[in-house]
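Me: Please take me through the model below by question and answer, and begin with the words that I need before I look at its parts.

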Amino acid sequence: MSTAAPAKTEYEAVIGLETHCQLSTQTKIFSNSSTEFGADPNTNIDPICMGLPGVLPVLNQKVLEYAVKAARALNCQIAPYSKFDRKQYFYPDLPKNYQISQFDLPIATGGWLEIEIVDEDNNPIRKRIGITRLHMEEDAGKLVHGGSDRLSGSTHSMVDFNRAGIPLVEIVSEPDIRSGLEAAEYAQELRRIVRYLGVSDGNMQEGSLRCDVNISVRPVGQKEFGTKVEIKNMNSFSAIQRAIDYEIDRQIEALEAGETLVQETRLWEEGSQRTISMRSKEGSSDYRYFPEPDLPPIEVSAEQLKQWESELPELPAQKRHRYETELGLSAYDTRVLTDDRTVAEYFEAAVAAGADAKQAANWVMGDITAYLKNEKLAIADIALKPTDLAELIDLISQSTISGKIAKDILPELLSKGGSPKQLVEKKGLIQISDTGELEAIVDEVLASHPQEVEQFHGGKTKLKGFFVGQVMKKTQGRADPKLTNQLLSKKLQK
């Protein structure tokens, strides 16, 4: 009789994200109040967003345009006919006691986006995540709890209706995600796309991008989904990943202990790095949806759709593929360069001006990015034009200046701008590449350090770096490094 222990069950996670994205319109979805962030409480309000009797909502045309553009960028099909619905729920921050949303006939369905994760060997792993639907809706207000950061434990609550009526699109993914890392990358790619489009700033700290996670676990090979749990209250991509990783472990431990999981909504507690139960999960029937009687159906004409599609920019995934195939950049380089549209456009302008793609990428990702972070600037704020960066790279490739000199003059170019060539000539920094002139300097350095020369010949070959440094010091960094090394190698031979 076999006494072998039963095989341990292997589980997999099934994850989908519901993402609310605030659209960057100047006015609200159904009224003319400002959408400005940070205004004094209850100043950006009006009778429509406050739900006062006798008022009628009117759809903001820019909201429809932004929603359609976001949907097409996510490869969704635009519905020829869609409508708004009333979603009933009662909470102090919802002045009408219902939210205008879209239920059974959303503006867009059936899309996908591509995520890309770079493995340990710097190879890209790409995966398509399905998009179930994208729909428009209005945001609710905001409760501020006194004495605690949430309702439990607070002594009083205040309500700010500035956010009520802010336009949102809700993007619901298919349950195609299998890890916290994939979920975080999905959310980041979604933010890249809406930022490239200019339809949202995607700022999670200001609530412009909010993700709720639906997660369950099941034995590998099982087709049926496990019990779904929703996680809320995540305000960063790293929090999304950590919350999912924690919840996967929690659910597996519960199943292995013979516990029954319940369908519920949980909160991510950043301080304790855990999820905690919030409430049992509502179903769609709890919201008592019915068609919004005050708004007509939406029909997007073929001509209008074609016009909006023609205005879409090249998207991050398209740029990544192009940079790899046409410019020969690595997967890591393409991810960094395309994360921000303005950075990608700066890089492309430098390449168009004649800069070597790899060298331009190194300068943008290295010294220029470090300067931007240190000075808290955007790339649009620097004085160094892409054409000037191309000129700087050309000076190095032509051996007019060394890479060290280029780094030395970069801060001045970034802050004041101007021609790198003219600056080099003005400061007298042109590289010494004349063999005879440099040979004389090398001879002087060796003659003035006989002890170090003797030690080099005695086996301390690392002293060659010392001699290179002395030559650079004597020439104020203008000596051609390659030629200097060649001359020293020749002179130091016995």
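Reply: Helices (H or I, at least four residues) and strands (E, at least two) are runs assigned by DSSP and numbered from the N terminus. This is a predicted model, in which local features need pLDDT of at least 70 and side-chain atom pairs count only at pLDDT 80 or more, while totals for chains, interfaces and linings use all residues. Residues are numbered from 1 along each chain as its sequence is written, and side-chain values use heavy atoms, with hydrogens and water left out.

Me: Which strands are the edge strands of the sheet formed by nine strands?

Reply: Two strands pair if DSSP finds at least two bridges between them, and in this open sheet, where the pairing is mixed, the order is E2-E5-E6-E9-E1-E10-E11-E12-E13. The strands that pair on one side only are E2 (77–78) and E13 (274–280).

Me: Within that sheet, which residue of E12 is the bridge partner of Lys232?

Reply: Strand E11 (residues 229–232) and strand E12 (residues 264–269) run parallel and are joined by four bridges. In E12, the partner of Lys232 is Leu267.

Me: Why is one side of E4 and of E14 left without a neighbour in the sheet?

Reply: Three strands form an open sheet with antiparallel pairing, in the order E4-E3-E14. Strand E4 (98–101) and strand E14 (290–291) stand at the edges of this sheet, so one side of each has no neighbour there, since each has a single partner strand.

Me: Which residue of E4 is the bridge partner of Asp85?

Reply: Strand E3 (residues 85–88) runs antiparallel to E4, and four bridges join the two. In E4, the partner of Asp85 is Ser101.

Me: Which helix gives the most to the lining of the second largest pocket?

Reply: A pocket is, on a 1 Å grid over the protein atoms alone, an open set of points with protein on both sides within 12 Å along at least five of seven lines, whereas a cavity is a set where a 1.4 Å probe fits but cannot get out; lining residues have an atom within 4 Å of a point. Of the 20 residues that line the second largest pocket, Val336, Asp339, Asp340, Val343 and Thr369 are the closest to its centre. At least two lining residues come from each of H2 (180–197), H6, H7 (341–352) and H8 (357–375), and the helix that gives the most, with seven residues, is H8.

Me: How much space lies in the largest cavity?

Reply: The lining of the largest cavity includes Cys49, Tyr98 and Glu138. Grid points are joined across faces, edges and corners, and a volume is the space filled by probe spheres set on the points. A search of the whole structure finds one cavity of 30 Å³ or more, and the space in the largest is about 40 Å³.

Me: At what angle do H9 and H11 pack?

Reply: Axes are lines fitted to C-alpha atoms, for helices over the stretch in contact, and angles run from 0 to 180 degrees between N-to-C directions. The axes of helix H9 (residues 386–397) and helix H11 (residues 420–427) are 8 Å apart, and the helices pack at an angle of about 55°.
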